[in-house]
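Biologist: Before we discuss this protein, please show me the sequence and the structure.

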Amino acid sequence: MENRLVSQKEVSIKPRISLADHGPILALILLVIIGSVMSPAFLTKGNIFNVLTQISVLGIGALGMTYMMIAGFIDLSIFGVLSLINVLFVGLQRTIGTMEAVIIMILIGLVMGLINGTILRLIKGDFGASIMITYGTGTIFGALALMYTHGFSIRANDDPFFLWFGTGQVLGIPVPIVILFVCAVIFHIVLRYTTFGRSLYLTGANPEAARLSGIPIDRIRTIAFMVSGASVALGGLIVSSQTVSASPVVGTGYEINVIAAVAIGGTSLNGGEGTIIRTIIGVLLIGVLSNLFIMVGLSTFDQMMAKGLIIIAALIMDKRKQKGIRKG
């Protein structure tokens, strides 16, 4: 009986081909065509590197959020994680050196994720609880960042290795872009070809079936939180290096943009569905769209409104898709 239940669910989470699946990539192609028509500079190497560099921190955070949403949870604490990592990295870099600070920051990101996962495990929280708990922990992390800097920005030392994270190059490619795509490849392989990846899908699609099949769903979700925390920590290192400083409020609004990128890419808020490739497409969509907004001279407020409408449209498409799946 248990095996039959799991088998039925495994069939239900197989990729389904529909217009909604291809919508993000079609939209991205359309935007690239529009941009190339509007300006000859749009498809130049410099502008492409500029767009990819600007979305690198968003993209790295979106990779971790993809794991979270596939597991059926969401992590709103990343705004506080980014702010706290940003200021701690600069603070420690000035005292113990860049390499040591990098290692400590990644570990702190893992611990922040462990805290979120442990709290939700103890209260046996669901999707709704993950929103409230992670918003609470994110607020605490943000407050700690403010306390650490007394509300002021702090400046980093001009250490070459520190600057390499944000402004260095590998074979002529900016380091933030290299880090984003190396991480994307690793996240994709883990999600697609490992037992952990398959467990993540089944945990998000049907937690009860996952539990009955012997999957430690609490451990899987906690690992997803830890991966999310570590990925945001890595993004925080890049932000610090790019600005050669740290602000205790740098993470404000970060969580919304990350969730939007993952949702626009097609990862379902219902859990059990999504891929890293889709997330990268969603991140690219936001990056290209922002670039076009600047080219046509839209104000920041206009851009916020347009992004809000796109997020709503993406969620409506997801709901329609889920409704179609249930109808078979």
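The questions and answers below concern this predicted model.

Biologist: Which residues does tyrosine 67 contact, leaving aside its neighbours within four places in sequence?

Modeller: Leaving aside neighbours within four places in sequence, tyrosine 67 is in contact with Phe187, Val190, Leu191, Phe196, Leu200, Ala224, Val227 and Ile276.

Biologist: Is H13 largely enclosed or largely open, and how many of its residues are buried?

Modeller: Burial here requires under 20% relative accessible area. H13 is largely enclosed by the rest of the structure, because the number of its 21 residues that are buried is 16.

Biologist: Which residue just after H13 takes a positive phi?

Modeller: Helix H13 ends at residue 296. Just after H13, a positive phi of about 80 degrees is taken by glycine 297.

Biologist: Is glycine 138 buried or exposed, and which residues does it touch beyond four places in sequence?

Modeller: Glycine 138 lies in helix H6, residues 127-149. Its relative accessibility is 0%, so glycine 138 counts as buried. Not counting residues up to four places away in sequence, glycine 138 touches Ser77, Phe79 and Gly80.

Biologist: How many salt bridges does a search of the whole structure find?

Modeller: One joins the side chains of aspartate 158 and arginine 155, at 3.7 Å from N to O. Another joins glutamate 208 and arginine 211, at 2.5 Å from N to O. Arginine 278 also forms a salt bridge with glutamate 273. The search of the whole structure gives a total of 3.

Biologist: What separates glutamate 208 from arginine 211 along helix H10?

Modeller: Glutamate 208 is partly exposed at 40% relative accessible area, and arginine 211 is partly exposed at 45%. The two residues are 3 apart in H10, residues 207-212, so their separation is about one helical turn.

Biologist: Are arginine 278 and glutamate 273 buried or exposed?

Modeller: The closest N and O atoms of this pair are 3.7 Å apart. A residue is buried when its relative accessible area is under 20%. Arginine 278 has 16%, so it is buried. Glutamate 273 has 17%, and therefore glutamate 273 is likewise buried.

Biologist: Which helix gives the most to the nonpolar patch?

Modeller: The patch, of about 680 Å², is made by Met99, Ile103, Leu107, Phe161, Trp164, Val170 and Leu171. Helices H5 (98-122) and H7 (160-167) each supply at least two of its residues. With 3 residues, the helix that gives the most is H5.

Biologist: Is isoleucine 103 buried, partly exposed or exposed?

Modeller: Isoleucine 103 is placed in helix H5 and is one of the residues that make the nonpolar surface patch. Its relative accessibility is 48%, so isoleucine 103 counts as partly exposed.

Conventions:
Residues are numbered from 1 along each chain as its sequence is written. This is a predicted model: local features need pLDDT of at least 70, side-chain atom pairs count only at pLDDT 80 or more; totals for chains, interfaces and linings use all residues. Side-chain values use heavy atoms; hydrogens and water are left out. Patches are made of residues with over 30% relative accessible area and no salt bridge: like charges are joined within 9 Å, nonpolar side chains (Val, Leu, Ile, Met, Phe, Trp, Tyr) within 5 Å. Accessible areas come from the Shrake-Rupley method with a 1.4 Å probe; for residues, only the protein chains shown count as cover. A salt bridge is a side-chain nitrogen of Lys or Arg within 4 Å of a carboxyl oxygen of Asp or Glu. Helices (H or I, at least four residues) and strands (E, at least two) are DSSP runs, numbered from the N terminus. Buried means under 20% relative accessible area, exposed over 50%, partly exposed in between (1.4 Å probe, protein chains only). Contact means heavy atoms within 4.5 Å. The expected span of a helix is 1.5 Å times one less than its number of residues.
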